Amino acid sequence: MKKYNYIFLALFLLIGMTSCMEDLPTKYDYTGYQFANLDANAGQWKLLLHTSNEQISIPNPAAAGSAELLKELADAKEKQSKATSAQREAVAYWTNNPLLRWNEIALELATKYNLIPAPNPDGSYPVPDPANPSKYPKFPYSHPPYTSRMLAHLSVAQYDGLIMAWQYKYKFKRQAPYQMDPQIKSSYEKNGLFSYPSDGAVIAIASRDVLTAMFPLEKDFLAQKAQEHLESLVVAGINVSSDVDAGQLIGAGVAKTVLARAATDGMKNAQTTRVKSDSIKNAAKDRFGWVWENQETPQRMVGLVPLFGKVRTWNVPNVEAIRPGPPPAPNSPEFQKAAAELKAYADKLTTNQRRIANFWNDGLNTYTPPGHWNRFAKEEVVANKLSPVRTARVFAYLNMAIADAGIACWDAKYYYHYPRPIQTISGFKTILGTPNFPAYTSGHASFSGAAAEVMAHFFPANAAQFRTWAEEASMSRIYGGIHYSFDATAGLTQGRQAAAFSIAKAKLDGAD
Amino acid sequence: MGSTFRDVAPTQVEILDWTCVFSFLFTSHLFAMKNYFRFLGLLGASLGTITIAQAQTPLDGLMMPKGEICIALQYDQVTWDRYWEGSTIRVNQNIGTFTRQTDMPMIVGGITDKVNVILSLPYVKTGASAGQMAGVQGIQDFGISVKALLLEKSIGKGKLTGFSNLSFSTPASNYLSDYMPFSLGFGAKELGIRAIGKYELDKGAYLRVSYSFLNRGITEAERDFYYADGSFYTSKMDVPNALLGQVTVGSWMMKKKLRVEASLTTFQSTSGDDIQVYSMPQPTNKVDFDRIEGFAQYYFRTNGGLGLIASYQQAISGRNMGQFSGYGFGLTYQFKALQ
């Protein structure tokens with residue numbers, strides 16, 4: 001038997017080798033970097049929700065050479081020299097453009113809470129209750145509209161906060177600790193950015209506060225993340241404690257302003273009662289003669305956020321301005337053509353078409369299409385080495401456009417109340433789950449059309465790529481069997497129109 | 001034990017298929033050989049299939065002697081209408097009754113009297129009776145397994161035998177594993193190693209115990225972001241490794257033309273996340289289950305030739321998989337290919 005023993009030994013070794021799995025990435029792999037431009041005049045850029053770049057006041061900083069500042073520098077030096085390995089890891093994690101990390105945390109929470117309520121035993125469906133967020137189904141259900149709105153508020157708070165931070169940085173011109181004291185080392189590239197107030201602290205607190213309001217059950221997690229981030233600023237050698245304190249004041253202030261807007265934007269009425277939902281449905285039936293009905297068992301009697309179309313927009317003046325004309329009536333020749341196309345794909349989908357359908361699915365328990373585009377923006381920001389404030393600008397205009405596109409799309413969805421393919425095509429089977437809202441226009445197309453245009457504006461070198469992705473995201477829903485081609489076409493146009501309002505505003509904000 | 005192999009896989013929720021069984025055990029013919037190999041039953045592995053098979057089918061109980069070949073074709077059908085979401089039972093009327101059917105051709109050959117090779121290539125079909133999600137069908141995984149007789153000793157009024165088995169399987173088509181519960185398999189390579197011990201009385205009754213470690217690799221999704229107790233920014237999904245134990249009692253009857261068995265199987269993933277509430281399963285899930293099964297094999301003669309097999313299985317507990325039950329039947333044919 002001896003020779004067999006060798007064979008088995010060899011196989012054992014093979015098994016041992018394959019068990020050394022590679023580590024799979026759980027975050028974007030980037031480090032602190034040299035900013036392409038410090039954007040010295042960003043304090044003059046146009047604010048989004050605030051009227052003055054010193055609207056949130058901070059104390060005058062202690063002068064260079066003062067005993068107070070020397071003590072802070074000594075304290076920073078000690079913290080840096082005594083940093084634990086966990087603190088050093090935190091410094092590497094947060095980087096000198098930590099907005100990207102907070103955006104990533106926001107996407108993670110959006111993913112975690114993007115779970116559709118399961119039916120009750122009696123066949124009804126429960127609804128998340130913001131007043132009792134831990135009761136099943138947990139609040140929030142971070143579906144695409146919710147996520148788009150969450151990201152817009154987060155990004156706007158970050159942007160206004162950094163404009164104010166830049167205003168004060170260039171007003172007080174306090175040098176960074178590593179410049180004032182050669183014994184303090186910067187953990188990142190030495191950008192020479194003035195340190196009072198800390199832009200990192202603005203981001204930490206603004207993000208913590210906005211996200212805590214959006215994901216109340218994550219309060220402790222977010223507080224712990226913010227604390228770790230704040231500590232890292234001093235350990236990294238880029239801020240002293242008074243920089244951090246001042247940054248926190250601004251962060252808290254802008255979050256308060258933004259959350260006041262969120263409290264009154266109409267989102268709390270978006271998920272309607274059955275009675276209201278039926279009246280919306282009946283209005284569409286009277287108007288057009290067709291109506292969308294949820295096809296699940298048990299049937300969901302109320303679609304997803306029927307009144308999201310009434311939520312306050314950021315830059316689109318009113319949703320009617322970009323509401324498309326009606327879709328072709330079911331059984332019209334144009335409809336029949338679209339339905340035949342769907343059946344053809346269902347019968348024979350190529351490997352690449354299937355890949356596109358799945359790549360862009362961004363369904364339950366994912367970061368949704370808005371999150372997908374935020375991920376692209378993050379990668380583009382690092383590739384272009386944008387400063388924190390210019391990064392915030394990209395995300396703010398991107399997410400305002402995405403949210404506006406979503407609001408306009410939802411207006412069309414419930415105005416037209418158009419049935420999905422599984423409702424109109426008998427026996428139709430799909431490879432993607434059909435969402436709980438009407439078909440026309442496609443949310444994927446609208447979100448992506450808007451996102452691609454804003455990205456193309458800020459990163460013109462890759463404009464063609466972004467637009468190709470938007471087209472692909474739109475087609476993905478047709479390959480998946482859950483949208484007609486006219487949903488996608490109208491959605492793309494609608495998204496692009498929504499983006500035009502944000503882009504027009506960005507062009508006048510003083511940054512270019 | 002049977003053979004095993006892929007047990008479940010991917011599909012978590014689906015699991016189903018097991019049954020498959022084919023084990024390879026070879027059989028019969030052995031009588032002719034009279035000597036050692038009589039009744040060694042053992043296992044084989046089937047690789048490739050999603051299953052753990054158990055029953056050995058074809059060949060049962062013995063190693064195939066050098067130059068013998070056994071061809072088997074087995075059909076299995078497993079269904080469920082409830083599944084474990086984590087450890088909580090969930091009924092989803094948008095799935096209704098889920099069915100997984102497997103056609104598994106298998107070839108077992110005796111390389112020597114103590115080493116057998118088993119090849120398998122199952123064809124799988126899945127579908128749900130309700131809802132609008134499309135089922136799939138196609139070739140699943142190619143499996144190859146080597147089984148060796150390592151120990152053989154007479155003790156009391158019976159004989160103790162010990163085997164080891166090494167298996168490898170790999171997807172044989174570009175099926176998408178990240179489409180559960182419909183996906184054909186878990187979409188990753190698997191290396192398995194098993195130890196099998198059997199004690200058989202001269203009168204025909206036997207007890208068999210086996211233990212397996214299944215090392216599963218990475219499967220490739222078509223999305224590059226997913227959530228598994230946290231975000232993953234990659235299309236690669238780590239399919240959990242698994243431990244598989246089985247205890248079987250059985251006996252030969254009718255002058256060794258009939259063999260019947262009952263077994264208890266336990267399958268435990270060594271890592272993985274739970275299915276999210278009311279969501280689709282995914283290849284990263286921790287799949288566990290305990291199963292009972294019955295198996296019978298009948299040979300028309302005692303020296304090779306045609307055999308029939310039938311099996312029944314049922315899950316008695318589980319995690320992140322369907323509460324399955326099902327049956328299987330098949331044909332085996334054994335002949336001497338080389339002198």
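Axes here are lines fitted to C-alpha atoms, for helices over the stretch in contact, and angles run from 0 to 180 degrees between N-to-C directions. I am working on a predicted model, where local features need pLDDT of at least 70, side-chain atom pairs count only at pLDDT 80 or more, and totals for chains, interfaces and linings use all residues. Residues are numbered from 1 along each chain as its sequence is written, and chains are lettered from A and ligands numbered from 1 in the order in which they are written.

**Entry 1: helices 7 and 8 of chain A**

I began with the packing of helix 7 of chain A on helix 8 (residues 219-235) of chain A. Their axes lie 9 Å apart at an angle of about 180 degrees. I number helices (H or I, at least four residues) and strands (E, at least two) as DSSP runs from the N terminus. The two helices are therefore roughly antiparallel. My classes are roughly parallel under 35 degrees, roughly antiparallel over 145, roughly perpendicular from 65 to 115, and oblique for the rest.

I then listed the contact residues, with contact meaning C-beta atoms, placed from the backbone, within 7 Å. Helix 7 of chain A brings, among them, Ala204(A), Arg208(A) and Leu211(A). Helix 8 of chain A brings residues including Leu222(A), Ala226(A) and His229(A). The contact divides into 9 nonpolar, 3 polar and 2 charged residues. I count Ala, Val, Leu, Ile, Met, Phe, Trp, Tyr, Cys and Pro as nonpolar, Asp, Glu, Lys and Arg as charged, and the others, Gly among them, as polar.

Next I checked helix 7 (residues 199-214) of chain A on its own. Its 16 residues should span 22 Å at 1.5 Å a residue, and its end C-alpha atoms are 22 Å apart, which agrees. The expected span is 1.5 Å times one less than the number of residues. In helix 7 of chain A, 14 of the 16 residues are buried, so the helix is largely enclosed by the rest of the structure. Buried means 20 or more other C-beta atoms within 10 Å of a residue's own, exposed means 12 or fewer, and partly exposed lies in between, with C-beta atoms placed from the backbone.

**Entry 2: helices 16 and 17 of chain A**

The axes of helix 16 (residues 443-458) of chain A and helix 17 (residues 463-479) of chain A come within 8 Å and cross at roughly 175 degrees. That makes this pair roughly antiparallel. The contact includes Ser448(A) and Ala452(A) of helix 16, and Phe466(A) and Trp469(A) of helix 17. It divides into 9 nonpolar, 5 polar and 2 charged residues.

I stopped at Trp469(A), in helix 17 of chain A. Trp469(A) is buried, with 20 other C-beta atoms within 10 Å. Leaving aside neighbours within four places in sequence, Trp469(A) is in contact with Ser448(A) and Ala452(A). Trp373(A) is 96 residues away along the chain, yet its C-alpha is 9.8 Å from that of Trp469(A).

**Entry 3: backbone geometry in chain A**

I searched for cis peptide bonds. The bond from Thr297(A) to Pro298(A) is cis, with omega near -10 degrees. Pro298(A) sits in the loop between helix 10 and helix 11 (333-347) of chain A. The bond from Tyr440(A) to Thr441(A) is also cis, with omega near 5 degrees. Thr441(A) is in the loop between helix 15 (421-424) and helix 16 of chain A.

I then turned to positive phi. Gly289(A), which follows helix 10 of chain A, has phi near 90 degrees. Asn365(A) is not a glycine, but its phi is positive, about 60 degrees. Asn365(A) counts as buried, with 22 C-beta neighbours inside 10 Å. Lys385(A) has phi near 50 degrees and is partly exposed, with 15 other C-beta atoms within 10 Å.

**Entry 4: chain B strands**

I counted 1 helix and 20 strands in chain B. Of its 339 residues, 58% are buried. Strand 17 (residues 258-269) and strand 18 (residues 288-299) of chain B pair antiparallel over 11 bridges. Pairing requires at least two DSSP bridges between the strands. Arg259(B) stands opposite Gln297(B) of strand 18. Strand 18 of chain B also runs antiparallel to strand 19 (residues 305-319) of chain B, joined by 12 bridges. There Ala296(B) has Ala310(B) as its bridge partner. In this hairpin, with 5 residues between the strands, Gly304(B) takes a positive phi near 80 degrees.

**Entry 5: where the chains meet**

Conventions:
Contact = placed C-beta atoms within 7 Å.
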